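Please look through the model below.

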Amino acid sequence: MHRSFGGAIAVNNASFRVERGSITGLIGPNGAGKTTVFNLISGFLRPESGSIEFDGHQIGKLSPNAVASMGLVRTFQIPKVFTRLTVLENMMLAAKHQPGEVFGAALFRPRRVSRREGEIREQANRLLDLIKLNHIAQDYAGELSGGQRKLLEYGRALMTEPRMVLLDEPMAGVAPPLGLQLLERILELRAAASTTFLVVEHNMDALMAIADRVVVMDEGRVISHGTPLEVQQDPLVMRAYLGMRTPPSLSQSAGVVEK
Amino acid sequence: MIAAYLPFWLFVGVLAGIYIIMSLGLYLQFALTGLPNFGHSAFMSIAAYSMAIAVIRFGVSLPVASVIGLMMAAAFGLLLGIPVLRLSGDYLAIVTIAASEIIRYLAINMQDLTGGSIGSLGMGGADDLSAYSMEWDQLLVQISTTLSLEGKFGSDRDLIMLLIVWALALLCLCAFWFMTRSPWGRLLRAIREDEVAVFAVGKNVVGYKLQVLVIGAILGGLGGLLLAFQIGVFSPDDFLPTLTFNCYLILILGGTNRIWTIPFGSILFSLIYSGTRFLNFYPISLIDSGDRAYLRLFIVGFLLIAINALRPQGLMGNRRELMIDS
């Protein structure tokens, strides 16, 4: 895929594949285009050229809500919670198949709505247990700390019963013990539901510990990919992180790797 | 004193009821979904004008004309979708108030259709002074003979009008109170907080915004129709942007984040707005009565500032929710 803003090329014909059920890390120095890739995949931006395929469907031209309802859900670098809704409401809102979201349904088919609402509440409480926010379920989300908001956003994404989750720096700004908890949850969830994860994270130790594969980007290109060990030993990756510009010939050959 | 002024208070009560319905539309758009629509008065005028034009110029029966009025208001709501889906905050407020002013100037200048600045009286042309509200007045007379009121409570007409308007207002309030507590209302509140995040969990934000625009437009339109029925003749001056601001004041008076505060805000507003004519005691009586009429405008403006400074949650709003930074 390819995307530029004015004259700045944010994503330059980057191409990579994420295996079903894997935890794939997406790393690269600041400005490498990681967040733009997330915005492209989740439908918040349209690629200028190239394509995005999810589970056999072309999703490059879909709206963000259509992408999310296909089971591909994202979180944000700076968590976006609904500040003047309670923690529980934040969670419940994200659930799928609530007939009560249709205007007037609450008046005309109250029983169906409240039955589904009960199921959703139960699911939300289970997940809040998991992310350890159940004791503040009735607080407003705006009263939570930054780390708790990350957890809440993560829980909200899981409420949609996603098949693939894009996590944008899940551990940034989260207190270390909370961050570790979050990691454990990711592993647990994958074991339970074989959910796929694509994770942008600057905490290399943590990411290398959980990722099956790592994709490295620099200046909008994919410069390396492989297992954490392979990537760590790649001289191109070292150069990107140490600030030395990669010779054009090298970066082009790296771009071919995935194609 | 109360008894002597009963007809007057009936009239005030009718207006308060109409304001409830109008403010409810604004509540859904502004307080619930976070769309600062400052063109609410346009919904009212479009509904009233469409209804009156249909009756007077095209001889359509009143019920059908009323439905046409509401549909035209809804169509304008959809039209407002163009700015609403692109702008937010102050920019949206500016565009919507401009849109409502365009409607008002069209009403003044499309004389052949709207009667120009004379309003509904001029709609039928110079020698046709027929009114749009004849069928409505017949209905009111019919009801008052059935109930054999015979003026026991002052004006029969206003009493029945009061009952009808308040029944409608409370019905709408209850229905929307119930719906705002449903998953539908939760979604709208979430859009107010962060629409990007609502997109991200797979909800169709665009569809919900258009829905709320249309529903708010229909409620505003219903208020406009009732206002037109109540005052019998109307002109563009009856649909000034002040009407929109009054609705905002009602929401702020009661407390913007609770739907059931609307009737309290509405009654309080109407009392303040109409009650200023009883300010005929010393030292206010030193000002002559013509100037005193303007006092209410000062009082309304002063109230808005005072409430925002001293009690931002309104009289009965949820302070804890309001104090959270969004």
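In this predicted model, helix α3(B) passes helix α4(B) in a right-handed crossing. Helix α3 covers residues 62–84 of chain B, and helix α4 covers residues 89–109 of chain B. The angle between the two helices is about 145°, and their axes are 10 Å apart. On the α3(B) side, the contact is made by B:Leu80, B:Pro83 and B:Val84. On the α4(B) side, B:Leu92, B:Val95, B:Thr96 and B:Ala99 take part. Sorted by class, the residues of this contact are 6 nonpolar and 1 polar, with no charged residue.

Helix α2 (residues 40–58) of chain B has 19 residues. From its first C-alpha to its last, α2(B) reaches 27 Å, close to the 27 Å expected at 1.5 Å a residue. Is this helix mostly covered or mostly open? Of the 19 residues of α2(B), 17 are buried, and the helix is mostly covered. Just after α2(B) comes B:Gly59, with a positive phi of about 60°.

Helix α6 (residues 134–146) of chain B has 13 residues. The distance from its first C-alpha to its last is 18 Å, close to the 18 Å expected at 1.5 Å a residue. α6(B) is followed by B:Ser148, and the phi of B:Ser148 is positive, near 40°.

Now turn to chain A. The domain assignment divides chain A into domain 1 (3–81 + 145–246) and domain 2 (82–143). The C-alpha centres of these two domains of chain A lie 27 Å apart. Where the domains touch, 14 residues of domain 1 of chain A are in contact with 17 residues of domain 2 of chain A. On the domain 1 side, α6 (146–159) and α7 (176–193) of chain A each supply at least two residues. The largest share of that side, 9 residues, comes from α6(A). By class, the domain 1 side has 6 nonpolar, 4 polar and 4 charged residues.

The last step is the contact between the chains. Here 31 residues of chain A are in contact with 26 residues of chain B. Which elements of chain A give two or more residues to its side? They are α2 (64–69), β6 (72–74), α3 (87–93), α4 (105–108) and α5 (110–130) of chain A. Of these, α2(A) gives the most, with 4 residues. The side of chain A that touches chain B has 14 nonpolar, 9 polar and 8 charged residues.

Note on methods
Residues are numbered from 1 along each chain as its sequence is written. Chains are lettered from A and ligands numbered from 1 in the order in which they are written. This is a predicted model: local features need pLDDT of at least 70, side-chain atom pairs count only at pLDDT 80 or more; totals for chains, interfaces and linings use all residues. The expected span of a helix is 1.5 Å times one less than its number of residues. Axes are lines fitted to C-alpha atoms, for helices over the stretch in contact, and angles run from 0 to 180 degrees between N-to-C directions. A crossing is left-handed if the near helix is turned anticlockwise from the far one by less than a right angle, and right-handed if clockwise. Two residues are in contact if their C-beta atoms, placed from the backbone, lie within 7 Å. Ala, Val, Leu, Ile, Met, Phe, Trp, Tyr, Cys and Pro count as nonpolar, Asp, Glu, Lys and Arg as charged, and the others, Gly among them, as polar. A residue is buried if 20 or more other C-beta atoms lie within 10 Å of its own, exposed if 12 or fewer, and partly exposed in between; C-beta atoms are placed from the backbone. Domain bounds come from an automatic or database domain assignment.
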